[in-house]
Amino acid sequence: MNPSASGWIKKLLNDEALDDFTKKGPLDYYYALRATGFIYGTNIKLAAEVVQPFELSEEERCKVNLLLSFFYIYKNSDSNAGFITSLIDFYKTISEQKRSFFEDIFIRKSTYGLLEDTIHKRIHIDDSFLAKSFNYFLINALLFVDVLGYKHYLSHNSNTKAYVNFLESAIETIVFSVIETKHQKSEYDENLVKLFKSSIRHKTTSALSDKEAISFIKDPLEKQYVIDLVCMASWSDKIIDSDEVDFLKMLQREFDLDPKQVTDSIEDINRFYERYKDDVAFLSSKNLAQSLYDNSSKVVVKLIKRNSKRLINELSESKEALALLAKSTQRNLTDDEQKKVQMQLMDIFKSIPSLAIFMLPGGMLLMPLFVKFIPKLLPSAFDENRIDNDKKN
């Protein structure tokens with residue numbers, strides 16, 4: 001089974017090891033997945049003992065773990081639809097833009113080939129412009145949102161896109177809240193707070209309150225996933241302090257979880273990061289928050305440079321966005337102005353394939369940085385109102 005060659009999904013689904021894997025209880029399945037690093041945004045090993053003809057790459061392991069997760073959810077559902085067909089339909093359902101991120105592959109006839117390409121596009125982001133530490137730490141850490149979305153799709157077959165959107169917003173609100181609890185926040189923690197605060201995926205609605213976000217999380221897998229993401233956010237400075245532990249205990253009470261689940265989550269992330277610190281790029285950083293923010297900035301700068309001409313053309317047709325971006329060079333935009341410019345930028349991104357990263361879970365966290373850097377990197381004709389810091393005095 002070679003996840004980089006066509007036919008790998010069909011071969012994987014015929015592997016006998018999947019029988020034992022799909023018979024696990026929900027939390028046992030989740031813990032097996034967490035042990036691979038999948039929940040933490042990296043993949044050190046596979047969740048099931050399937051045949052590996054050679055050592056797989058990080059991306060290949062991620063593909064397999066994602067597919068294994070989908071298959072586990074499918075086998076433990078009451079769905080009468082076929083696995084491949086239902087998973088493809090799920091991705092079509094949650095596709096937000098008219099020109100879908102997966103549009104170029106949805107016209108293929110082979111369902112297996114279509115799913116292989118869909119999964120590849122879902123997890124693969126060109127390493128030439130996206131730092132691996134950002135990719136693994138943030139975007140791939142949110143791949144489990146897809147799994148939960150697929151579970152909802154099979155159970156309800158309606159409102160799936162709304163569910164995924166609300167789940168992302170709830171996760172962002174809760175993660176933002178735990179960052180706020182830090183007793184002493186560094187400059188980079190403050191930057192992360194700003195990123196999360198500005199990154200609610202759908203700017204047409206108000207940000208969720210903590211109460212709303214917590215009340216939305218009901219499924220046992222959702223609860224455990226949120227606990228683990230909070231542990232990740234707390235661990236950004238390589239220590240989970242007393243305030244963060246108190247926040248986790250509050251979630252444990254609100255979610256009505258066994259206290260041992262929270263204790264195990266803390267111990268597991270400490271054990272995983274310590275054991276694999278030499279194998280995971282971002283763990284070598286002195287501060288994970290710093291690594292995330294720095295690499296996010298680099299990603300955005302490269303995206304703008306590579307797409308500057310098309311951005312200028314598209315922005316020239318969006319007078320309001322153009323005016324707001326010009327204002328951002330003079331002062332900070334208000335919350336309403338931020339929402340307007342982000343909504344209009346999202347419409348623009350739909351027409352530029354290489355900016356499809358913003359359509360993925362986690363991609364919206366880059367938006368505030370995008371707004372910050374556009375005026376600095378586009379030609380001066382676009383940015384007539386900018387006042388350089390060294391010319392103000």
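Student: How many residues does helix α4 have, and how far does α4 reach from its first C-alpha to its last?

Tutor: Helix α4, residues 58-75, has 18 residues and reaches 26 Å from first to last C-alpha, close to the 26 Å expected at 1.5 Å a residue, where the expected span is 1.5 Å times one less than the number of residues. Helices here are DSSP runs of H or I with at least four residues, and strands are E runs of at least two, numbered from the N terminus. This is a predicted model, in which local features need pLDDT of at least 70 and side-chain atom pairs count only at pLDDT 80 or more, while totals for chains, interfaces and linings use all residues. Residues are numbered from 1 along each chain as its sequence is written, and side-chain values use heavy atoms, with hydrogens and water left out.

Student: Okay, is α4 mostly covered or mostly open?

Tutor: Mostly covered, since 16 of the 18 residues of α4 are buried; buried means under 20% relative accessible area, exposed over 50%, and partly exposed in between, with a 1.4 Å probe and protein chains only. Ser69, for instance, is found in α4 and counts as buried because its relative accessibility is 0%.

Student: What does Ser69 touch?

Tutor: Not counting residues up to four places away in sequence, Ser69 touches Tyr29, Leu33 and Val147, a contact being heavy atoms within 4.5 Å.

Student: Which residues touch the most other members of the largest nonpolar core?

Tutor: In that core of 86 residues, they are Leu67, Phe83, Phe144, Tyr150 and Tyr225, and the largest share of the core, ten residues, comes from α4. A nonpolar core is a set of buried Ala, Val, Leu, Ile, Met, Phe, Trp, Tyr and Cys residues joined through side-chain atoms within 4.5 Å.

Student: Switching to charges, how many salt bridges are there?

Tutor: The whole structure has six salt bridges, each defined as a side-chain nitrogen of Lys or Arg within 4 Å of a carboxyl oxygen of Asp or Glu. One of them joins Arg34 and Asp228, with the closest N and O atoms 3.0 Å apart.

Student: Are Arg34 and Asp228 buried or exposed, and where does each one lie?

Tutor: Both Arg34 and Asp228 are buried. Arg34 lies in helix α3 (residues 26-35) and Asp228 in helix α12 (residues 220-234), so the pair ties together parts that are 194 residues apart in sequence. Arg34 and Asp228 are also linked with Asp268 and Arg271 in a network of salt bridges.
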